[in-house]
Amino acid sequence: MIYEPSAVAVIAFFAFVAATMGLSFYLGGKAKSSQGYFAAHGEIPWFINGIAFAGDYLSAASFLGICGMIAFYGYDGFLYSIGYLAGWIVALFVVAEPLKRLGKFTFADALDARFQSRGIKLAVGVSTLAVSIFYLIPQMVGAGVLIQPLLGFPHWVGVVLVGAVVIYIVVSAGMVSTTYVQFLKGSLLVLFSGILTWMILQRGFSTGEDVGYAFRTLGPYASAQVDEELQAATGESLLPLDGEWESSPYLRTRDESTGGVTTWRVEPAGDDEVLLREAQTLIKTDDGETLVNGLPKGTKAGEPELHPVGQLAELPGGVTKTGPVGPLQFFRTLQESEVILWSSEPIRGPDGVTTVYYQKPTAGSEVLRPGRHPAFAGLQSGQIIDKVNFLSLMLALFCGTASLPHILIRYYTVKDEAAARKSTIVGIGSIGLFYILTLYLGLGAMTSGALDPTSSNMAAPLLAKSINEWLFAIISAIAFTTVLGTVSGLILASAGAVTHDLVSNVFRVELNDYEKVRVAKIASVFVGAIAIVLGILFEKMNVSYLVGWAFSVAASANLPALVMLLFWKRTTRQGIIAAVVVGMVSSLAWILLSGDTFSKVYGLPAEDALVPFSQPGIVTIPLGFLTLVLVSLMTPAPADEALAEEAAQEA
């Protein structure tokens, strides 16, 4: 779709960004020491920290990715929400208070509290960097996505812009600034998502041209006469089928007056009859030109572009509008309706590769059932591999929350264990409320007639735009500050790992407070630059899906060591090091060798992948626990090792 900047959106966007940067500049003076820079002196009130937890967690994946998945697939996107929220149970009952007792600045502090081991600091510091950078990718992708409709800039410009602003925020004030930015945007995100949900309910449901372009359905026609019937109905000439078009379920017609090409999907409609449903095409020709429905893709409104999608075909009772609906009536009405979902497939012809976007009429009751998204095919598939892939994803989401470095370091910003527990409860309440709202937002976008068929990440902002320009501007600006806050936390966690864990403890470089903060700021710039590059490279992938991978790496590398340290006294430093390294390397290797990476990153056939399914958690998380147990049993117990060290010193 063509996105043109709106004056209202630009004003709101720059107002939010200016306020965020101004807040960072104002709070910059409060970070006088390394403890202030990394942990805000442990003086953040528990309620503010709890909302900041929500701000950290409700990232681009939550707002953009989940809404987009619900809009294009239905209930499946909400399963991500359930997995994300369930992970906070682990954080509340397992991690919160012990982590606050054990640590001071970073996650490595907690794991190394008992051992004072350079090996643990090195392994966990590298793990923190790997997880943070992996989690940064979807945030940067989301930033670029937001900039396109908001300011009309290309995706890469948005990625560079958010990278520059975030680096400024982190360099200027550290954790103090990051916490209050997260508090502000977490509060606003929940508030305005609630307002947008209320507007969805007030608008209700409708069918017809008032919810976007009216895609045509022709027929039913006798199969033997479909060519003649199509030409007679459209007045257009039939194009020959060559290349992969010959074996595809499509017919194509050309409007001789404009040169435009319409693609029709042929679908069975009973005994020897077919229906023809209008589709859309995007062609990347071999000479580099982009064609939309046979015409050169435009750059301004009114020029050739893909039509927005997302309609209802039928409402219960044959009505065309429902008027305002209640929260429960919303789901009952949708369940009894017919929804037009969209999917796509590539076809190679003589002119190049054509992506065909086609209609998929779907009963509303099916939309509200899980199993439509490829990641959740295991729920309805007869293939055992699909079921394992689904279980692996949900295990990673459940275990990953309590393993994310930028979440863990927030426990060091409050004064004691009780405050850590209470802030976790506040975070759970805020996050749970938001995820309930995403179900309304995603389904509202599904039926808004405003979806971009090429980008699932744009569902929520485009939904807001279909209701009100000011609402679009505010929602997009809040979403952008959501990205800023989450990326700030991730870069700060990375900077802490570099400065506190690697430089100070592993390489034993003597740094005073001023030098620690300076090294952290330099590290922030480098990590931010890496995040910018990766955000540009992974532009086309759904941000929620990318976050699923980040959770897998976090859970595999960090959770086994943390849980076993807290609950198994036989855990040794060698076991912790081995578990972290094996979990991190195995999960990263699995992801890089998976079918999704082969097809969406390398451009290779997914069937050439070297691992049987894409989500690694069900293999790599147990592998981390097993590694820790075996290595700990094979090495001296902590008490025995301490006695041996004392004997060596006496000798």
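In the predicted model, helix α15, which covers residues 459-467, packs against helix α16 at an angle of about 155°, with the two axes 6 Å apart. Because angles over 145 degrees count as roughly antiparallel, α15 and α16 are described as roughly antiparallel to each other, and their crossing is right-handed. On the α15 side the contact is formed by P461, A464, K465 and I467, which meet E469, L471, F472, I475 and S476 of α16. Sorted by class, the residues that α15 and α16 bring to this contact are six nonpolar, one polar and two charged.

Helix α16, which spans residues 469-506, also packs against helix α17, which spans residues 513-537, and here the axes come within 8 Å and cross at roughly 130°. The crossing in which α16 passes α17 is right-handed. Within α16, the residues in this contact are I491, S494, A495, V498, T499, V503 and S504, and they meet K516, V519, A520, A523, S524, V527 and G528 in α17. The contact of α16 with α17 comprises eight nonpolar residues, five polar residues and one charged residue.

A further pair is made by helix α12, residues 384-400, and helix α21, residues 617-634, whose axes lie 8 Å apart and whose packing angle is about 50°. With this angle, α12 and α21 are therefore also classed as oblique to each other. From α12, the residues V388, L391, S392, L395, A396 and C399 take part, and they meet G617, I618 and I621 of α21. The residues of the contact between α12 and α21 divide into seven nonpolar and two polar, with no charged residue among them.

C399 counts as buried, because its relative accessibility is 9% and the cut-off for burial is under 20%. Another cysteine, C67, is likewise buried, with a relative accessible area of 1%. As for bonds between cysteine sulfur atoms, the structure holds zero disulfides, a disulfide being taken here as a pair of such atoms within 2.5 Å.

How values were computed. Residues are numbered from 1 along each chain as its sequence is written. This is a predicted model: local features need pLDDT of at least 70, side-chain atom pairs count only at pLDDT 80 or more; totals for chains, interfaces and linings use all residues. Side-chain values use heavy atoms; hydrogens and water are left out. Buried means under 20% relative accessible area, exposed over 50%, partly exposed in between (1.4 Å probe, protein chains only). Axes are lines fitted to C-alpha atoms, for helices over the stretch in contact, and angles run from 0 to 180 degrees between N-to-C directions. Helices (H or I, at least four residues) and strands (E, at least two) are DSSP runs, numbered from the N terminus. A crossing is left-handed if the near helix is turned anticlockwise from the far one by less than a right angle, and right-handed if clockwise. Contact means heavy atoms within 4.5 Å. Ala, Val, Leu, Ile, Met, Phe, Trp, Tyr, Cys and Pro count as nonpolar, Asp, Glu, Lys and Arg as charged, and the others, Gly among them, as polar. Angles under 35 degrees count as roughly parallel, over 145 as roughly antiparallel, 65 to 115 as roughly perpendicular and the rest as oblique.
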